Amino acid sequence: MSPHSPSQNHLLAALPTAEFERLAAHLELVPMLLGDILAEPGGHLQHAYFPTTAIVSLHYELESGASAETAAVGNEGVVGISLFMGGDTTPSSAVVKTAGHAYRLKSDLLKAEFSRGGLMQRLLLRYTQALMTQITQTAVCNRHHSVEQQLCRWLLSTIDRVPTHDLVMTQELVASMLGVRREGITEAAGRLQHAGFISYRRGHISVLDRGGLETRSCECYEVVRKESARLLSDVRHRQVAVAAGM
(Lines give C-alpha, C1' and ligand atoms only; values in the text may rest on other atoms or scores of the structure.)
Protein backbone atom coordinates (compact mmCIF):
# COMPACT_ATOMS: atom_id res chain seq x y z
CA MET A 1 0.00 0.00 0.00
CA SER A 2 1.37 3.39 -0.97
CA PRO A 3 2.13 5.71 1.96
CA HIS A 4 0.79 8.59 -0.11
CA SER A 5 -2.81 9.07 -1.19
CA PRO A 6 -4.91 12.06 -2.33
CA SER A 7 -7.45 11.04 0.34
CA GLN A 8 -4.96 12.32 2.95
CA ASN A 9 -6.16 15.76 1.91
CA HIS A 10 -9.60 16.33 3.37
CA LEU A 11 -11.01 18.28 0.42
CA LEU A 12 -9.97 15.65 -2.11
CA ALA A 13 -11.22 12.87 0.17
CA ALA A 14 -14.64 14.51 0.31
CA LEU A 15 -15.23 14.47 -3.45
CA PRO A 16 -17.79 12.05 -4.92
CA THR A 17 -16.23 9.33 -7.06
CA ALA A 18 -17.15 10.94 -10.41
CA GLU A 19 -15.64 14.30 -9.51
CA PHE A 20 -12.54 12.74 -8.00
CA GLU A 21 -11.92 10.52 -11.03
CA ARG A 22 -11.97 13.55 -13.35
CA LEU A 23 -9.04 14.95 -11.38
CA ALA A 24 -7.18 11.84 -10.20
CA ALA A 25 -5.04 11.31 -13.30
CA HIS A 26 -3.93 14.96 -13.16
CA LEU A 27 -2.95 15.07 -9.49
CA GLU A 28 0.83 15.08 -9.13
CA LEU A 29 2.48 14.11 -5.85
CA VAL A 30 5.26 16.57 -5.04
CA PRO A 31 7.70 16.80 -2.11
CA MET A 32 7.58 20.07 -0.20
CA LEU A 33 10.77 21.07 1.56
CA LEU A 34 11.00 23.49 4.46
CA GLY A 35 11.29 26.99 3.01
CA ASP A 36 10.01 26.13 -0.48
CA ILE A 37 8.20 29.13 -1.98
CA LEU A 38 4.94 28.20 -3.71
CA ALA A 39 3.73 31.73 -4.38
CA GLU A 40 5.23 35.20 -4.27
CA PRO A 41 3.44 38.55 -4.01
CA GLY A 42 1.86 39.45 -7.33
CA GLY A 43 2.87 36.17 -8.92
CA HIS A 44 0.57 33.96 -10.98
CA LEU A 45 0.12 30.44 -9.66
CA GLN A 46 0.51 27.69 -12.22
CA HIS A 47 -0.82 25.04 -9.82
CA ALA A 48 -3.08 24.63 -6.85
CA TYR A 49 -1.58 22.61 -4.01
CA PHE A 50 -3.49 20.16 -1.81
CA PRO A 51 -1.19 19.39 1.16
CA THR A 52 -1.25 15.94 2.72
CA THR A 53 1.60 15.98 5.23
CA ALA A 54 3.10 19.42 4.62
CA ILE A 55 1.94 22.74 6.08
CA VAL A 56 2.14 25.96 4.09
CA SER A 57 2.32 29.39 5.70
CA LEU A 58 0.54 32.31 4.09
CA HIS A 59 2.31 35.42 5.22
CA TYR A 60 2.90 39.04 4.35
CA GLU A 61 6.28 40.74 4.32
CA LEU A 62 6.65 44.47 4.93
CA GLU A 63 9.10 46.76 3.15
CA SER A 64 11.23 46.67 6.30
CA GLY A 65 11.63 42.90 5.91
CA ALA A 66 9.44 42.09 8.90
CA SER A 67 6.75 39.50 8.26
CA ALA A 68 3.91 37.64 9.96
CA GLU A 69 1.75 34.66 9.16
CA THR A 70 -1.87 35.44 8.34
CA ALA A 71 -2.99 31.80 7.98
CA ALA A 72 -1.71 28.28 7.46
CA VAL A 73 -2.86 25.55 5.09
CA GLY A 74 -2.46 21.86 5.83
CA ASN A 75 -4.32 18.68 4.96
CA GLU A 76 -7.64 20.45 5.51
CA GLY A 77 -7.31 22.75 2.53
CA VAL A 78 -5.73 24.05 -0.63
CA VAL A 79 -3.15 26.69 -1.54
CA GLY A 80 -4.37 28.83 -4.41
CA ILE A 81 -7.83 30.22 -3.67
CA SER A 82 -7.09 33.18 -5.94
CA LEU A 83 -7.32 30.79 -8.90
CA PHE A 84 -11.05 30.23 -8.48
CA MET A 85 -11.98 33.48 -6.70
CA GLY A 86 -11.06 35.50 -9.78
CA GLY A 87 -8.22 37.58 -8.34
CA ASP A 88 -5.41 35.58 -9.99
CA THR A 89 -2.75 37.09 -7.69
CA THR A 90 -2.37 38.04 -4.02
CA PRO A 91 0.01 40.38 -2.14
CA SER A 92 1.07 37.59 0.22
CA SER A 93 3.53 34.70 -0.03
CA ALA A 94 2.99 30.96 0.40
CA VAL A 95 5.99 29.21 1.98
CA VAL A 96 6.37 25.66 3.29
CA LYS A 97 6.79 25.79 7.09
CA THR A 98 6.52 22.04 7.75
CA ALA A 99 8.10 19.70 5.21
CA GLY A 100 6.05 16.90 3.71
CA HIS A 101 4.09 16.23 0.55
CA ALA A 102 1.20 17.66 -1.43
CA TYR A 103 -0.72 16.92 -4.59
CA ARG A 104 -0.70 19.66 -7.15
CA LEU A 105 -3.19 20.33 -9.91
CA LYS A 106 -2.73 22.61 -12.91
CA SER A 107 -4.57 25.88 -12.45
CA ASP A 108 -6.73 25.55 -15.58
CA LEU A 109 -8.00 22.14 -14.45
CA LEU A 110 -9.00 23.48 -11.04
CA LYS A 111 -10.78 26.43 -12.65
CA ALA A 112 -12.64 24.10 -15.02
CA GLU A 113 -13.76 21.83 -12.18
CA PHE A 114 -14.86 24.82 -10.12
CA SER A 115 -16.88 26.16 -13.06
CA ARG A 116 -18.86 22.90 -13.26
CA GLY A 117 -20.69 23.97 -10.12
CA GLY A 118 -20.54 20.57 -8.42
CA LEU A 119 -19.47 19.61 -4.92
CA MET A 120 -15.90 20.75 -5.57
CA GLN A 121 -17.16 24.30 -6.03
CA ARG A 122 -19.18 24.18 -2.81
CA LEU A 123 -16.28 22.69 -0.86
CA LEU A 124 -13.83 25.28 -2.15
CA LEU A 125 -16.16 28.15 -1.29
CA ARG A 126 -16.77 26.82 2.20
CA TYR A 127 -13.06 26.25 2.68
CA THR A 128 -12.43 29.85 1.58
CA GLN A 129 -14.85 31.08 4.25
CA ALA A 130 -13.06 28.93 6.84
CA LEU A 131 -9.74 30.41 5.70
CA MET A 132 -11.17 33.92 6.04
CA THR A 133 -12.18 33.08 9.61
CA GLN A 134 -8.63 31.93 10.33
CA ILE A 135 -7.14 35.12 8.85
CA THR A 136 -9.56 37.35 10.78
CA GLN A 137 -9.00 35.56 14.09
CA THR A 138 -5.23 35.61 13.60
CA ALA A 139 -5.33 39.40 13.17
CA VAL A 140 -7.35 39.81 16.37
CA CYS A 141 -5.14 37.37 18.27
CA ASN A 142 -1.91 39.06 17.22
CA ARG A 143 -3.28 42.42 18.37
CA HIS A 144 -4.86 41.53 21.69
CA HIS A 145 -3.33 38.35 23.12
CA SER A 146 -0.01 37.60 24.78
CA VAL A 147 2.90 35.94 23.01
CA GLU A 148 2.38 32.84 25.14
CA GLN A 149 -1.30 32.61 24.11
CA GLN A 150 -0.35 33.10 20.46
CA LEU A 151 2.33 30.41 20.71
CA CYS A 152 -0.14 27.94 22.24
CA ARG A 153 -2.69 28.68 19.50
CA TRP A 154 -0.03 28.26 16.83
CA LEU A 155 1.27 24.98 18.25
CA LEU A 156 -2.23 23.52 18.59
CA SER A 157 -3.23 24.43 15.05
CA THR A 158 0.05 23.02 13.75
CA ILE A 159 -0.19 19.61 15.43
CA ASP A 160 -3.80 19.35 14.22
CA ARG A 161 -2.40 19.14 10.69
CA VAL A 162 0.41 16.61 11.14
CA PRO A 163 0.50 12.98 12.35
CA THR A 164 3.13 13.67 15.02
CA HIS A 165 3.53 16.00 17.98
CA ASP A 166 7.23 16.42 17.22
CA LEU A 167 7.87 19.51 15.11
CA VAL A 168 11.04 20.51 13.30
CA MET A 169 10.84 24.20 14.07
CA THR A 170 13.31 26.84 15.25
CA GLN A 171 12.35 29.64 17.59
CA GLU A 172 13.45 32.08 14.88
CA LEU A 173 10.93 30.61 12.47
CA VAL A 174 8.13 30.66 15.04
CA ALA A 175 8.92 34.27 15.88
CA SER A 176 8.81 35.16 12.19
CA MET A 177 5.46 33.41 11.75
CA LEU A 178 3.92 35.24 14.71
CA GLY A 179 5.55 38.55 13.88
CA VAL A 180 7.16 38.92 17.33
CA ARG A 181 10.68 39.15 18.71
CA ARG A 182 12.59 35.90 19.16
CA GLU A 183 13.18 36.77 22.81
CA GLY A 184 9.44 36.74 23.38
CA ILE A 185 9.17 33.22 21.94
CA THR A 186 12.13 32.06 24.04
CA GLU A 187 10.47 33.31 27.24
CA ALA A 188 7.04 31.89 26.36
CA ALA A 189 8.48 28.52 25.30
CA GLY A 190 10.51 28.40 28.50
CA ARG A 191 7.38 28.82 30.61
CA LEU A 192 5.53 26.14 28.66
CA GLN A 193 8.49 23.78 29.00
CA HIS A 194 8.72 24.43 32.74
CA ALA A 195 5.02 23.57 33.03
CA GLY A 196 5.66 20.27 31.24
CA PHE A 197 3.52 21.11 28.21
CA ILE A 198 6.32 21.05 25.65
CA SER A 199 9.98 20.09 25.37
CA TYR A 200 12.35 22.12 23.28
CA ARG A 201 15.81 21.51 21.90
CA ARG A 202 17.39 23.49 19.13
CA GLY A 203 15.33 23.08 15.99
CA HIS A 204 12.73 20.77 17.54
CA ILE A 205 9.57 21.34 19.58
CA SER A 206 7.65 18.39 21.04
CA VAL A 207 4.13 18.81 22.41
CA LEU A 208 3.87 16.69 25.56
CA ASP A 209 0.55 17.87 26.99
CA ARG A 210 -2.02 19.08 24.49
CA GLY A 211 -4.58 19.73 27.22
CA GLY A 212 -2.10 21.95 29.01
CA LEU A 213 -1.60 24.05 25.88
CA GLU A 214 -5.36 24.39 25.52
CA THR A 215 -5.60 25.84 29.04
CA ARG A 216 -2.95 28.45 28.22
CA SER A 217 -4.29 29.30 24.75
CA CYS A 218 -6.75 32.11 24.08
CA GLU A 219 -10.22 31.50 22.63
CA CYS A 220 -8.97 32.08 19.08
CA TYR A 221 -7.89 28.47 18.52
CA GLU A 222 -11.30 27.10 19.46
CA VAL A 223 -13.17 29.73 17.43
CA VAL A 224 -11.30 28.77 14.25
CA ARG A 225 -11.55 25.03 14.95
CA LYS A 226 -15.31 25.10 15.51
CA GLU A 227 -16.06 27.32 12.53
CA SER A 228 -13.94 25.19 10.21
CA ALA A 229 -15.69 22.06 11.46
CA ARG A 230 -19.09 23.66 10.87
CA LEU A 231 -18.31 24.89 7.36
CA LEU A 232 -16.62 21.67 6.29
CA SER A 233 -19.07 19.20 7.84
CA ASP A 234 -19.55 17.71 4.35
CA VAL A 235 -15.89 16.72 4.41
CA ARG A 236 -16.24 14.74 7.62
CA HIS A 237 -19.46 13.08 6.44
CA ARG A 238 -17.89 11.95 3.17
CA GLN A 239 -14.74 10.68 4.90
CA VAL A 240 -16.81 8.55 7.27
CA ALA A 241 -18.77 7.17 4.31
CA VAL A 242 -15.60 6.30 2.42
CA ALA A 243 -14.09 4.61 5.46
CA ALA A 244 -17.27 2.55 5.85
CA GLY A 245 -17.11 1.47 2.18
CA MET A 246 -20.31 3.24 1.23
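Strands β9 and β10 form a hairpin with 2 residues between them. Strands here are DSSP runs (E, at least two residues) and helices likewise (H or I, at least four), numbered from the N terminus. Gly-203 sits in the turn and has a positive phi of about 85°. The model is predicted: local features need pLDDT of at least 70, side-chain atom pairs count only at pLDDT 80 or more, and totals for chains, interfaces and linings use all residues. Residues are numbered from 1 along each chain as its sequence is written, and side-chain values use heavy atoms, with hydrogens and water left out.

Strands are taken as paired if DSSP finds at least two bridges between them. Arg-201 stands opposite His-204 in β10. Strand β10 (residues 204–207) also runs antiparallel to strand β8 (residues 166–168), with 3 bridges. In that pairing, Val-168 stands opposite His-204.

Gly-203 lies in the loop between β9 and β10. Its relative accessible area is 12%, so Gly-203 counts as buried. The classes are buried (under 20% relative accessible area), exposed (over 50%) and partly exposed (in between), with a 1.4 Å probe and protein chains only. Beyond residues up to four places away in sequence, Gly-203 touches Leu-167, Val-168, Met-169 and Thr-170. Contact means heavy atoms within 4.5 Å. Leu-131 is 72 residues from Gly-203 along the chain, and their C-alpha atoms are separated by 28 Å.

Strand β1 (residues 28–32) pairs with β7 (residues 100–106) in the antiparallel sense over 5 bridges. Leu-29 stands opposite Tyr-103 in β7. Strand β3 (residues 47–51) pairs with β7 as well, antiparallel and over 5 bridges. There, Ala-48 stands opposite Leu-105. In a regular strand the side chains alternate between the two faces of the sheet.

Val-73 belongs to strand β5 (residues 67–73). With a relative accessible area of 1%, Val-73 is buried. Neighbours within four places in sequence aside, Val-73 contacts Pro-51, Ala-54, Ile-55, Val-56, Leu-58, Val-78, Val-79, Tyr-127, Leu-131 and Arg-161. Thr-158 lies 85 residues from Val-73 along the chain, with 9.5 Å between their C-alpha atoms.

Leu-109 is part of helix α4 (residues 107–115). Its relative accessibility is 28%, so Leu-109 counts as partly exposed. Leu-109 and Leu-23 are 86 residues apart in sequence, yet 7.9 Å apart in space, C-alpha to C-alpha.

Overall, the chain has 11 helices and 10 strands. Its radius of gyration is 18 Å, close to the 18 Å that the globule rule gives for 246 residues, so the chain is as compact as a globular protein of that length. The radius is taken over C-alpha atoms, and the rule is 2.2 Å times the number of residues to the power 0.38. The C-alpha trace spans about 50 × 45 × 30 Å along its principal axes. Of the 246 residues, 46% count as buried. Among contacts with a separation of 6 or more, 75% join residues 24 or more positions apart. The accessible surface comes to about 12,100 Å², and carbon and sulfur atoms hold 54% of that area. Areas come from the Shrake-Rupley method with a 1.4 Å probe; for residues, only the protein chains shown count as cover.
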